[in-house]
Amino acid sequence: QRYVSVPRYELAQAATLGEALAQVFAAHPQARGYILDDQGGLRTHVAVFIDGQRVQDRQRLGDALRPGSKVHVLQALTGG
């Protein structure tokens with residue numbers, strides 16, 4: 001279930017995860033607080049994958065994107 005309405009995006013160009021997210025946030029600013037914390041890093045309970053691999057740079061969002069890369073942003077579930 002989606003808690004913030006953000007459609008799928010196909011970006012013309014973005015070299016890093018941070019650049020891609022900035023483009024999405026420009027169109028949907030309400031998504032920023034859902035994904036990023038006050039310091040601009042990924043929130044603890046948000047999982048982001050690039051081409052099926054979990055991102056490594058959760059603070060600076062510098063993970064590289066290639067042409068055709070697919071980015072998935074998911075709410076990580078915890079608890080028992």
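**Questions about a predicted protein model**

Biologist: Of the 80 residues of the protein, what percentage count as buried?
Modeller: This is a predicted model, in which local features need pLDDT of at least 70 and side-chain atom pairs count only at pLDDT 80 or more, while totals for chains, interfaces and linings use all residues. Residues are numbered from 1 along each chain as its sequence is written, and side-chain values use heavy atoms, with hydrogens and water left out. A residue is called buried under 20% relative accessible area, exposed over 50% and partly exposed in between, with a 1.4 Å probe and protein chains only. Of the 80 residues, the buried ones make up 31%.

Biologist: In what order do the elements of the protein run from the N terminus on?
Modeller: Helices (H or I, at least four residues) and strands (E, at least two) are DSSP runs, numbered from the N terminus. The protein has two helices and three strands. From the N terminus on, their order is α-α-β-β-β.

Biologist: What is the radius of gyration of the protein?
Modeller: This radius is taken over C-alpha atoms, and the globule rule is 2.2 Å times the number of residues to the power 0.38. For 80 residues the rule gives 12 Å, and the protein comes close to that value, so it is as compact as a globular protein of that length. The radius of gyration of the protein itself is 12 Å.

Biologist: Is Leu61 buried or exposed?
Modeller: Leu61 sits in the loop between S2 and S3, and its phi is near 60°, a positive value in a residue other than glycine. Contact means heavy atoms within 4.5 Å, and Leu21, not counting residues up to four places away in sequence, touches Ile35, Leu36 and Leu61. Because its relative accessible area is 7%, Leu61 is buried.

Biologist: What is the relative accessibility of Asp57?
Modeller: Asp57 belongs to the loop between strand S2 (53-54) and strand S3 (71-75). Leaving aside neighbours within four places in sequence, Asp57 is in contact with Gly62 and Asp63. Asp57 counts as buried, since its relative accessibility is 17%.

Biologist: How many Å apart in space are Arg58 and Ser69, C-alpha to C-alpha?
Modeller: Arg58, also in the loop between S2 and S3, is partly exposed with a relative accessible area of 22%. Not counting residues up to four places away in sequence, Arg58 touches Gly41, Leu42, Arg43, Thr44 and Val46. Arg58 and Ser69 are eleven residues apart in sequence, and their C-alpha distance is 18 Å.

Biologist: What is the relative accessible area of Asp51?
Modeller: Asp51 is located in the loop between S1 and S2, and it has a positive phi of about 50° although it is not a glycine. Asp51 is partly exposed, with a relative accessible area of 34%.
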